[in-house]
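Let's take a friendly walk through a protein model. Please have the sequence and the 3D view open as you read.

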Amino acid sequence: MTRPREGQTFDGGSRLVRYVNFVKLPHTVFALPFALVGATLASFSRRVTPAMLAWIVLAFTAARFAAMGFNRIVDRQIDAKNPRTAMRELPRGVLGVGEAMIAVTLAGAVFVFAAWELNPICAMLSPIALGWVLWYSYTKRFTHWSHIVLGIGLAIAPVGGYLAVAGTWSTPWWMLVALALGVSSWTAGFDILYALQDEEFDRAERLHSVPVVFGRRGALAIARGLHVVTILSLAAVGAAVPVGWLYAAGVSVAAALLLYEHSLVRGDDLSRLDAAFFTMNGVISLTFFGFVLAERLVR
């Protein structure tokens, strides 16, 4: 019996397609816009150059490649047992562990190099950021809150984008904290939703997750609560920077999209989970960035 191919992957057997699928490259759309949100907010106090943007995009893409690739390496034996993930590149043997490790190492080096090209503060923080996103891969073995660890990892993107442009922490200091909280709670919430489909498998393998501990209904309630925190945090960011009605509209639209996302997933029906996870979260991040950019362009 041929197992179905996982969602958000491309057809084809070329090495390029294998690496694109290996790190789920389309998922870059989740957090890259928030890195650009951070850069855009920093541009209120300092000019953004094309070189800055290029290094920010390169740094983010390389860090994400390293994090996702490392996660695939660490989880390869678990993935081989899970029918949902058994067709991933390492379990199938279409990529070797050695070449995957080389690719991850190179991506990590590119991330650190790009951070050094941006400014000293990004350079100093880059090893810490890389260490955090790699460490996440082990957390579901010992904590039910690995979703929060992942959320903090993705929250590095907007903070890094801001620091890359501004070269210093925000004023007021809590603006970046609020932005990071918004992205981390958003990420943790949708990761909990995504984990619903592996609840039975995780329990059988003694892996940890919020759905394993709290069940579907409890996990859905926690995800909804986290997304309330997301909207409140993004609204707080708007109170700390010189923005107007376009930013407020962006927060409102993000709230409406999150409501719609949650309407797609119910405790007794996960059939639309893939659309909620990939399509809606990509739309949310891109749409919110669009409003933030529009706000900046009119000022």
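The sections below cover how to read the model, its cavity, several helices and some backbone details.

## How to read this model

This is a predicted model, in which local features need pLDDT of at least 70 and side-chain atom pairs count only at pLDDT 80 or more, while totals for chains, interfaces and linings use all residues. Residues are numbered from 1 along each chain as its sequence is written, and side-chain values use heavy atoms, with hydrogens and water left out.

## The cavity

The structure holds one cavity of 30 Å³ or more. Here a cavity is a set of points, on a 1 Å grid over the protein atoms alone, where a 1.4 Å probe fits but cannot get out; lining residues have an atom within 4 Å of a point. The largest cavity contains about 30 Å³ of space, where volume is the space filled by probe spheres set on the points, joined across faces, edges and corners.

Around the largest cavity you will find Phe-34, Trp-186, Thr-230, Leu-234, Ala-254, Leu-258, Ile-284 and Phe-288. The lining has seven nonpolar residues, one polar and no charged. In this grouping, Ala, Val, Leu, Ile, Met, Phe, Trp, Tyr, Cys and Pro are nonpolar, Asp, Glu, Lys and Arg are charged, and the others, Gly among them, are polar. Helix 11 (210-240), helix 12 (245-263) and helix 13 (273-297) each give at least two residues to this lining. Helices are DSSP runs (H or I, at least four residues), numbered from the N terminus.

Helix 12 has 19 residues and reaches 27 Å from its first C-alpha to its last, close to the 27 Å expected at 1.5 Å a residue. The expected span is 1.5 Å times one less than the number of residues.

Which residues of helix 12 are buried? They are Leu-246, Tyr-247, Gly-250, Val-251, Ala-254, Leu-257, Leu-258, Glu-261 and His-262. Seen down the axis of helix 12, these buried residues fall within an arc of 155°, so they line one face of the helix. The arc is taken from the directions from the helix axis to the C-beta atoms. On the other side, Trp-245 and Leu-259 are exposed. Buried means under 20% relative accessible area and exposed over 50%, with partly exposed in between (1.4 Å probe, protein chains only).

## Helix 1 and Glu-89

In helix 1 (residues 15-22), the buried residues are Val-17, Tyr-19, Val-20, Asn-21 and Phe-22. Their cover includes helix 3 (50-74), helix 5 and helix 6 (97-118).

Glu-89 sits in helix 5 (residues 89-92). It counts as buried, at 5% relative accessibility. Not counting residues up to four places away in sequence, Glu-89 touches Arg-18, Asn-21, Phe-22, Val-94 and Leu-95. Contact means heavy atoms within 4.5 Å.

Is helix 9 largely enclosed or open? Of its 22 residues, 19 are buried, so helix 9 is largely enclosed by the rest of the structure. Pro-172 lies in the loop between helix 8 and helix 9, and the peptide bond from Thr-171 to Pro-172 is cis, with omega near 0°.

## Two positive phi angles

Lys-24 has a phi near 45°, a positive value in a residue other than glycine. It lies in the loop between helix 1 and helix 2 (28-42) and counts as buried at 2% relative accessibility.

Arg-206 has a phi near 60°, also positive in a residue other than glycine. Its place is in the loop between helix 10 (199-204) and helix 11. At 74% relative accessibility, Arg-206 counts as exposed.

Methods: On a 1 Å grid over the protein atoms alone, a cavity is a set of points where a 1.4 Å probe fits but cannot get out, and a pocket is an open set with protein on both sides within 12 Å along at least five of seven lines; lining residues have an atom within 4 Å of a point.
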